[in-house]
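Let's take a look at this one together. Have the sequence and the 3D view open as you read.

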Amino acid sequence: MTNLFEIEGNWFEGVCSNHPAEHSVHYLASKLHEIYEKDQAGTLTEADIPKCDECGAPLALNMAGEDFQINQKQVQAFQDFIQKYEDKKLVVLELGIGPRNQMIKAPSM
Ligand SMILES: [Zn+2]
């Protein structure tokens with residue numbers, strides 16, 4: 001497992017558009033590659049839209065928004081890291097985040 005905390009999601013996961021919290025997160029890396037190849041070949045159709053395994057609804061990318069499902073393993077790993085090193089001096093690098101965004105800063109402080 002990588003030591004990432006993707007607090008706003010990523011483009012490799014999909015959530016059910018009808019039941020984002022109830023149905024499982026789908027890992028789309030291979031499917032996205034297939035979609036890219038079909039798009040390049042001009043053979044992409046609506047049938048290629050990724051669907052939920054549990055209900056058949058189209059998947060939405062698991063990105064920040066009202067349907068976003070944060071990765072609880074990453075949340076726990078971040079909390080464990082903060083607790084483990086709470087007495088140490090830490091340098092926290094936030095890449096690609098604005099100065100007013102407190103999503104990482106607040107729990108770290
Ligand atoms: Zn579903």
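Below are some notes on a metal site and on one residue in a strand.

## Ground rules

This is a predicted model, so local features need pLDDT of at least 70 and side-chain atom pairs count only at pLDDT 80 or more, while totals for chains, interfaces and linings use all residues. Residues are numbered from 1 along each chain as its sequence is written, and side-chain values use heavy atoms, with hydrogens and water left out.

## The zinc site

Which protein atoms hold the zinc ion as donors? They are C16 (SG), H23 (ND1), C52 (SG) and C55 (SG), lying 2.1 to 2.4 Å from the ion. Donors here are N, O and S atoms within 2.8 Å of the metal (3.2 Å for Na, K and Ca), and sites may look incomplete because water is not among the atoms.

The site is tetrahedral, with angles of 97 to 117° among the four donor atoms; the cut-off for that label is four donors with all angles between 85 and 135 degrees. For reference, the ideal angle for four tetrahedral donors is 109.5 degrees. Along the chain, the donors are spaced as C-x6-H-x28-C-x2-C.

C16 in strand β1 and C52 in the loop between α1 (29-41) and β3 (59-63) link distant parts of the chain, 36 residues apart. Strands are DSSP runs of E, at least two residues, and helices are runs of H or I, at least four, numbered from the N terminus. C16 is buried at 0% relative accessible area, and C52 is buried at 4%. Buried means under 20% (1.4 Å probe, protein chains only).

## Around N10

N10 sits in strand β1 (residues 9-16) and is buried, at 11% relative accessible area. Leaving aside residues up to four places away in sequence, N10 touches N62 and M63, where contact means heavy atoms within 4.5 Å. A polar atom of the N10 side chain lies 2.6 Å from the backbone nitrogen of F12.

Key
Buried means under 20% relative accessible area, exposed over 50%, partly exposed in between (1.4 Å probe, protein chains only). A polar contact is a pair of N or O atoms within 3.5 Å; within protein, one must be able to donate a hydrogen and the other to accept it, and residues adjacent in sequence count only if both atoms are side-chain atoms. Four donors count as tetrahedral if all angles lie between 85 and 135 degrees; four count as square planar and six as octahedral if opposite donors are over 155 degrees apart and all others between 65 and 115; anything else is irregular.
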